[in-house]
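Thanks for sending this one over.

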Amino acid sequence: MNARDYAIRIVTGDTLATKLEPPPPELAFTDGDAELRIAAPGRPPALQIVPARRSKSGSLHLGPGRQARVPPIAGMRDPAQRARILHALANHELQAIELFAWAVLAYPTAPLPFRRGLVAILADEQRHMAMYIARLETLGTTFGAHPVTGHFWNKLDHLTGPLEFACAMGLTFEHANLDFCGDYAAAARACGDVATAEVLDQVHADEIRHVHFGWVWLRRFTGDTDPWQAYNAHVRPPLGPARARGARLDRDARRRAGIDEAFIDALDAIAPTRPSGQPR
Ligand SMILES: [Fe+2]
Ligand SMILES: [Fe+2]
């Protein structure tokens, strides 16, 4: 199968089974395809993206009556809220699957190793989503039982080219996930849910490689420019360094992702913010 056809299938497919189809090993990458930017993903009815709006208090509400507020990390203690958190994490993975496929279509002239890397990460995101779905089902919920937002899909205008994609996905969203995964794993372990903690550990380990991919391509695309300056020049508000970290900065994970000390120090000096713009 050709990489373009596979990527179209992943983005536009409207069943979870399609989103989970792993890339065939013999996937053929062709050059000279036209740029294709798909505006929105195909989805099963229960996973249609619902527009988010914020209340004055800053909490997130989705549509009339359907609360999409994700419980805070303290909710891990309550299995029902834990399932709700895992539902939100599965939604992040679903969007990651789709957007890595989206990028294959949007950047047909990007270097071949970059495009191959996108597909390799996509396969990891499929495993992550499947693991979260298995956990939330064990906790009595199904994926689609709660409304889902389009947090990543809403940032398409940030994904101008492959460099901006690496900065937004690899060095902002996935970068912050190095901190969130560790915090969620610790919270799951603290309440005795070892199986959930182990899923989060696996996602954390893979995320280190995904951030490494973002870092490597930032360096390749920007040559001798200082990486911190290069990152800041190719990411724009509301994304940026304040969204590339959690409240606690996992320096070790960043070192393992290959990020240099000067970049980590610069990130350490930035106060983290939530998507709402509030301090974290
Ligand atoms: Fe993931
Ligand atoms: Fe990832």
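1. Helices here are DSSP runs (H or I, at least four residues), numbered from the N terminus.

2. Before going further, a word on conventions: this is a predicted model, in which local features need pLDDT of at least 70, side-chain atom pairs count only at pLDDT 80 or more, and totals for chains, interfaces and linings use all residues. Residues are numbered from 1 along each chain as its sequence is written, chains are lettered from A and ligands numbered from 1 in the order in which they are written, and side-chain values use heavy atoms, with hydrogens and water left out.

3. Helix H5 (residues 162–190) has 29 residues and spans 39 Å from first C-alpha to last, close to the expected 42 Å (1.5 Å times one less than its number of residues). Of these 29 residues, 23 are buried, so H5 is largely enclosed by the rest of the structure. Buried means under 20% relative accessible area, with a 1.4 Å probe and protein chains only. After H5 comes Gly192, with a positive phi near 85 degrees.

4. Which residues hold the iron ion (ligand 1)? Glu93 (OE), Glu125 (OE) and His128 (ND1) coordinate it at 1.9 to 2.3 Å. Donors are N, O and S atoms within 2.8 Å of the metal (3.2 Å for Na, K and Ca); water is not among the atoms, so sites may look incomplete. Their spacing along the chain is E-x31-E-x2-H. Glu93 sits in helix H3 (residues 79–106) and His128 in helix H4 (residues 112–138), so this pair ties together parts 35 residues apart in sequence. Glu93 counts as buried at 5% relative accessibility, and His128 is buried at 0%.

5. The iron ion (ligand 2) has Glu125 (OE), Glu174 (OE), Glu207 (OE) and His210 (ND1) as its protein donors, at 2.0 to 2.2 Å. Their sequence spacing reads E-x48-E-x32-E-x2-H. Here Glu174 in helix H5 and His210 in helix H6 (residues 194–222) link parts of the chain 36 residues apart, and both residues are buried.

6. Finally, the two ions together: the iron ion (ligand 1) and the iron ion (ligand 2) are 3.6 Å apart, with Glu125 coordinating both.

Key
Helices (H or I, at least four residues) and strands (E, at least two) are DSSP runs, numbered from the N terminus. Buried means under 20% relative accessible area, exposed over 50%, partly exposed in between (1.4 Å probe, protein chains only).
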